[in-house]
Amino acid sequence: MESSPGMDWTVIVLTCQHKDSVYSFQRELESRQRRGSVPKGALLLTVADPQAMVGSGGATLNALLVAAEHLSARGGHTVITTDVLQNAHILVLHTGRDFLFDGCGRAFTWLPTEGPPGPVSGPVCNVDLLLHCFTHQIAPGSPPGVWVSSTDMLLHIPSAPASLNAACLDMCWEGFAGVKVVSLPGDVAYARNHGVFLTDQQGTVCDIIYRGPAEKIQACALHDGKVPLVSGIVFFSREVAERLLQTHVTPPLDACTYLGLDSGAQPIQLSLFFDVLLCLARNVTEEEFVSGRRDGRSSQEDQQGAALRNARTVLWKEFRGTPLTLTYIPGGCYDYMTLSSDDHIRSLTTRARPGSAVTHSHVEGPLQVQTGCLLSGIDVASSFPALSTVLLSDVIIQGHYIRLGDMRLRAFSVLGRHDNLEEILGCLDQEAELDWRRELFFRGARLQARDTLQGRRDHSLLPLIRAAVLDQQQGALLSTLDTVAVDSQDPGVAARALACIADVLGCMAGGEGGLRSGPAANPAWTPSFQLLERGELSAGVETLARERERWLSRPDLLVRAARHYEGAGQILIRQAVMSSQRFIAIGQQELPPINQWVVVECPARLDISDGRRPIGAKVRRIREPRLLLVSSSRGQGCQVTTETVCETLQDLHDYCQPHAPGALLKAACICTGIVHYPSQQPLRDQLTECFGGGFEVRSWSSLPHGSGLGTSSILAGAIMAALYSCAGKSCSTESLIHAVLHLEQMLTTGKEPRATDTRSEPCANRTLPSTRTRGELCMQNALIDADPRRAVHAERSHRCGPTESCACRTLSSMRTHGELCMQNALIDADPRRAVHAERSHRCGPTESCACRTLSSMRTHGELCMQNALIDADPRRAVHAERSHRCGPAESWGGWQDQVGGLMPGLKVGRSLAQLPLRVDVESIPVPDQFIHTLNQHLLLVYTGKTRLARNLLQDVVRSWYARLPSIVQNADELVRNAEECVAAFREGSLPRIGACLDRYWQQKKLMARGCEPAALCAMMAALRPLALGQSLAGAGGGGFLYLLTREPRQGDREFSVHEVEVDINGISVQLTGSDQV
């Protein structure tokens, strides 16, 4: 069950016995507030007890006084006023007395447990668990007032739905007045050494019994046979808290506060439960309460006893009659932290008999530890190397920071398990101890980061990263991440390490310096990128680290450095995905005659256009030794045609820039081997020698922009199939799927500038000048390097394309790093496959971009209604750093679109979590006539909106690399839903398929927030009565919505509705006459 939003505390007060503890404990509270485990707006106060041994009652009154004083000052009052308690939610935690087994007390005892989930990691102390328990489990829903608790116990409140609901039912606040105590169950034997409550049937407290006889404790048993223990938790309503605060001016209670002591009052010791609350118990008489004579015991007869009786008299008159009720949590657990070493070891090891415990220590083997041992604060390597030669049994060894005068020393105590050494407690240096523990925590955190990355674990490192930055520990963490990247032989591990470095840099920027997504081609980083491109991983990472040092001075530089680290990781992922070329098998066939067209047609992943295949390409050999590249696409209400002529190899130089005109067609010519680039042999000679002339290549798509139907990769497959055939080569569809993967990576090899790191974002509607001189900064793009002296001398500074090349372009060639094309709305809703890739998406060439139909970035196992494209072995894929990465004609390594458009019918695509990347496709058998039924119920509705998903993909990528629990959980649910959808297809159940669609859309929205604008939400709501299930195609946010209707041929004519059908043929290749248009 998820935690509640939590109590928004007004004040949190931590009381401590020693004045020397105030500074160090206050710093600990503030550290937790920075980490997000304490509400940001809460006033944090650490208050020393006014005098030693004032008791929990006196400490509570003093804490309430100090809180009210600070709130009064904040409110502009010149005197303390109870009005400040009107809407205040106050939490008072008492640290209590010294603890033999931890120099920082019970509150800051480190515990061997994972902390509550939060945005920032930190060492888990008892106080952390108590803060979480009060904020998220006990206090939510309570009215204004004061919660008080000790910290001398280990408290567990059940989080299972049944138990928690039972607790919440008892925690009734409607019409509440008075005081409430919270109790947890215990057995009679345990209660003999503690306090218990005696209550009536309505939960009213009749008596509080401390260390009573067994028969009297048994009389307190509730319906479950357990007795309600005094757990140290109390709530005072606002009215009672105001009355308690007013007693700080009433003698002798004023002696419990610092104001009374400063006024010369003699201190008294007051118990919260057995002095303040006991007077509220219904069965207690005034005489026995004031005198303290209970169960045959008598009170002191000296001056201190008289003062205490006077204080009880005041309390009786002031509070008698106030309701005292009990909330009992039957599934909870209360464990008082005693001074017994056996009890302490048991609480740390959760064993019934004494085991051994090692806490906040750094130990390395060999170390022989038998039962009954406690090692605390030990660094074996530097402080206690002799331990490795000793057999340890029934011994307590503790490290302490102590202060003797002006000297700070590190001391160690060695005791038997049943010995006691209290003398050292008075010399403890808690500030130094907490500093050492903090350093030890981060030392362990760095080891955890290393093991998480090297072990490819689905564990989020973002909380750890945030903690390191908050505590100025980022330098050591960056060095650890550098080492992981350098030592790794796996590109996925190295890429994730670089992504973590980017997260560290982003956290260091503190939310300033601009958006994380942006360009990553600043010339200063080029040498590092070149080393990575050449496969020199170690040298590349080391060069990145050296360059990084120059970018740490300002938030904007930190953000830009983070972008470049993400760009570096993309290079590694691209290299991993390009391993798929190993599965491209090319044969030989007869070379077609000059001028004979090879025509290739493909369906979209959701076939529209009135039964016509909307995606295709055709190629023919021509006599002129050149490449004539023509692309046609459907623009906004018009047909856009782009023509590019390549007569020299130089005309192909921008094939790897997705934004360049003809880049997809150029890359296809190179990947199919028609052109060798780079080469010493001129283009004309290559074409003449091998083919007796050149090629005319035409591609087209009749699909609208931003439709979500996965055009780009399908178009790439059509172009390559036509080129292979026209060049006298044969290629199976399976090989073609891998060839498209290879081409997509070739489009972003990084050998030419892809996007430029600028101080002002590139303008999307700029006009492009003619070729610029080396190092010239384009006026339209404000191309500025962080070090201008380096920029103007850079050999690789930005060059705008030539006029003849750029004239036909409709989009800026200078894209931000990872910018998503406005036509393509690229976003991967499933990081399990796509987000392992660090390379962010860059838009394809004009001819490719203009015709693509929203995102080719698909969720892991997304079920295309025509293709049922599902990863049937998700658990093997999703845990690998090199598992399937969805993507367009670029760097992500996605294969689902080409599988969907090139392979026929309903099928399952699989890729195992290993390199080289291989895609296997299997048809899904369905019942007879089911495809006909499906065709009659399947509709596309055009939303009229184009998805604007700029930079969203990178956000999803970061979330996956950070292994955010919500992303990991949602990815698992996506996989399960996909498997359910496969089963639904096999069964031929339209209702089950529709339910999967609806569930999938909800999961996609969680993965890619913002993919459902208000207008589309209204459209989907209007269609819901007609549909068994519906979802937006691709990334969502626009384009096409596909749905299964309840009735066949059911369409709403208020929308642009298209009938669609399953394509059972897949890609088609045919030869036509030379006059074919």
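## Salt bridges

A salt bridge is a side-chain nitrogen of Lys or Arg within 4 Å of a carboxyl oxygen of Asp or Glu. Side chains of opposite charge can pair when their charged atoms come close. The structure described here is a predicted model, in which local features need pLDDT of at least 70 and side-chain atom pairs count only at pLDDT 80 or more, while totals for chains, interfaces and linings use all residues. Residues are numbered from 1 along each chain as its sequence is written, and side-chain values use heavy atoms, with hydrogens and water left out.

A search of the whole structure finds 39 salt bridges. One of them joins the side chains of Glu696 and Arg620, at 3.0 Å from N to O. This pair links distant parts of the chain, 76 residues apart: Glu696 lies in strand β23 (residues 694-701) and Arg620 in strand β20 (residues 615-622). Helices (H or I, at least four residues) and strands (E, at least two) are DSSP runs, numbered from the N terminus. Both Glu696 and Arg620 are buried; buried means under 20% relative accessible area, exposed over 50%, and partly exposed in between (1.4 Å probe, protein chains only).

Another salt bridge is formed by Arg992 and Glu987, whose closest N and O atoms are 2.4 Å apart. Arg992 counts as partly exposed because its relative accessibility is 24%, and Glu987 is partly exposed at 47%. Elsewhere, salt bridges that share partners join Arg27, Glu28, Arg32, Arg35, Asp128, Asp435, Arg438 and Asp471 into one network.

In helix α7 (residues 238-246), the buried residues are Arg238, Val240, Ala241, Glu242, Leu244 and Leu245. Their cover includes α2 (55-74), β4 (145-150), β6, β9 (227-237) and α11 (303-319), where contact means heavy atoms within 4.5 Å. Arg238 also forms a salt bridge with Glu239, with 2.9 Å between the closest N and O atoms. Arg238 has a relative accessible area of 19% and is therefore buried, whereas Glu239, at 39%, is partly exposed.

## Strands β6 and β10

Strand β6 (residues 179-186) runs parallel to β10, and 5 bridges join the two; strands pair if DSSP finds at least two bridges between them. Val179 stands opposite Leu324 in β10. Strand β10 (residues 324-328) is mostly covered, with 4 of its 5 residues buried.

## Cysteines

A disulfide is a pair of cysteine sulfur atoms within 2.5 Å, and a search of the whole structure finds 0 of them. Cys646 is in no disulfide, as the nearest cysteine sulfur, that of Cys669, is 7.5 Å away. Cys646 is buried, with a relative accessible area of 0%.
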